[in-house]
Amino acid sequence: MLILPGNSPRPQRRVPLTRASADHFAAVDRAAAADRTRSSLFNSSTDAFFFAPSSTPSKYELNGGQRQYTTRRGIRLCRVGGKSCRSALCALCSGRRARRQRRELIAALRASRPRYALLWTYTLASTPDAALGPLIGNLAELHAAVNASGWLSSKVDGYARVVEIERPDSGWHPHGHELFIFKKHLSRAEAQTFAVALRDRYLSAAARLGIPASAAGQHVRVVPLDQLDVAARYITKQHITTGPKAGTRTLAMLSADAFTRGDADALALIHEAEAATYRRQLWRVSGACKSPVLFNASRRT
Ligand SMILES: [Zn+2]
C-alpha cells in the first residue's frame with residue numbers, strides 16, 4: 001500500500017512488500033533450505049538473498065581477489081589468525097553480518113509487538129559524476145535535518161535504517177530505507193499526516209542545504225503487520241554476496257566484476273566505495289527495533 005506516491009517520472013526501483021515479494025522470499029527460503037542439504041566447500045548460495053545465477057561467484061571466489069586488491073587492511077587480513085573483520089564490504093563477513101542484523105531485527109519486532117509500521121525510502125536526485133563520499137554525507141545531513149530537535153525520534157517508538165549503495169549508469173545512488181515502528185495503531189489520516197510532514201521536512205532541508213533531492217525520490221509505505229519479517233529482510237538485503245539485480249549494479253556485482261573478472265573500472269568504484277564508507281555507520285537500530293539479545297550482548301562486552 002503506497003500512501004505517498006512519488007511524482008512522475010516513476011522511479012525504477014523494485015517494489016517491496018507486495019504479495020509477490022512475500023512469495024519470492026518464501027521461495028528463496030525453500031531453495032536455501034534445500035541447498036543446505038548439499039554440502040560443498042564453495043557453495044555460498046545459502047548466503048545469497050536472491051536466486052543467483054550460476055555465474056555469481058561464491059564468497060570464497062570473491063575473497064581470493066578481494067584479499068589482493070582491497071584497500072581495507074581489515075578485509076585483507078580477515079581470518080588471518082582466525083579473526084573476522086566483520087566489514088559490510090568483506091566477501092567473507094558481509095553475508096553473516098546481514099543475517100545477524102536481520103535475525104536481531106526480527107526478534108526485536110516480535111518482542112515489541114508493534115501496532116503499526118511504515119517503511120520510508122529516501123534518495124537524492126541522481127547526479128552523474130558525483131563522488132560517493134559526499135553523496136553519503138548529503139544523505140546523512142538530510143536525515144539529521146529531518147530529525148532536528150528529535151522530531152523523528154519523538155514520533156516513532158523505534159526505527160531500523162540502512163544506507164544502501166547502488167551504481168546505476170546514471171552515477172552513484174546511495175539511498176536510505178527506514179522502518180518506523182509504532183506501538184499504537186495509526187489511522188490512515190494520521191499515517192498520511194506523518195508521511196507528508198516527513199517528506200516536507202526532507203525536501204525543505206534539501207532546499208535549504210542546497211542538496212539536490214526531489215519528491216519523486218521519497219516514498220512512505222504502510223507495512224502490514226504480518227509482513228514485518230519481509231520488511232526486515234528487505235532492509236537487510238545488501239551484502240556483497242547478494243545476487244544481481246536488473247537495471248543497476250549493486251556492490252556485490254561490482255565486487256564480482258572487480259575481483260573475479262578483473263574489471264578495472266569496477267575495481268576503481270569498489271575502492272571509492274571502500275573509502276566513502278570507511279568508519280560510517282550504514283546500519284542503525286533504536287527503540288523497539290533494538291534486539292534484547294543485542295542489548296545483552298553489548299553489556300557483556
Ligand atoms: Zn571479513
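Author: Before the contacts, one cut-off: two residues are in contact if their C-beta atoms, placed from the backbone, lie within 7 Å. Keep in mind that this is a predicted model.

Let's start with H2 and H9. On the H2 side, Glu61, Leu62, Gly65, Gln66 and Tyr69 do the meeting, and their partners in H9 are Ser255, Ala256, Ala258, Phe259 and Thr260. Sort the residues of that contact by type and you get five nonpolar, four polar and one charged. As for geometry, H2 spans residues 59-69 and H9 spans residues 251-261, and their axes come within 8 Å, crossing at roughly 75 degrees. Angles of 65 to 115 degrees count as roughly perpendicular, so H2 is roughly perpendicular to H9.

Now for H5 (residues 132-146) and H10 (residues 264-276). Their axes also come within 8 Å, but here the crossing is at roughly 40 degrees, which makes H5 oblique to H10. The crossing of H5 and H10 is right-handed. H5 brings Leu132, Gly133 and Ile136 to the contact, while H10 supplies Glu272, Ala273, Ala275 and Ala276. By type, the residues of this contact of H5 with H10 split into five nonpolar, one polar and one charged.

Finally, the loop residue. Gln218 sits in the loop between helix H7 (188-209) and strand E4 (219-222). Gln218 has 22 other C-beta atoms within 10 Å, so it counts as buried; the cut-off for that is 20 or more. Leu124 is 94 residues away from Gln218 along the chain, yet their C-alpha atoms are separated by 8.9 Å.

Technical notes
Residues are numbered from 1 along each chain as its sequence is written. This is a predicted model: local features need pLDDT of at least 70, side-chain atom pairs count only at pLDDT 80 or more; totals for chains, interfaces and linings use all residues. Helices (H or I, at least four residues) and strands (E, at least two) are DSSP runs, numbered from the N terminus. A residue is buried if 20 or more other C-beta atoms lie within 10 Å of its own, exposed if 12 or fewer, and partly exposed in between; C-beta atoms are placed from the backbone. Axes are lines fitted to C-alpha atoms, for helices over the stretch in contact, and angles run from 0 to 180 degrees between N-to-C directions. Angles under 35 degrees count as roughly parallel, over 145 as roughly antiparallel, 65 to 115 as roughly perpendicular and the rest as oblique. Ala, Val, Leu, Ile, Met, Phe, Trp, Tyr, Cys and Pro count as nonpolar, Asp, Glu, Lys and Arg as charged, and the others, Gly among them, as polar. A crossing is left-handed if the near helix is turned anticlockwise from the far one by less than a right angle, and right-handed if clockwise.
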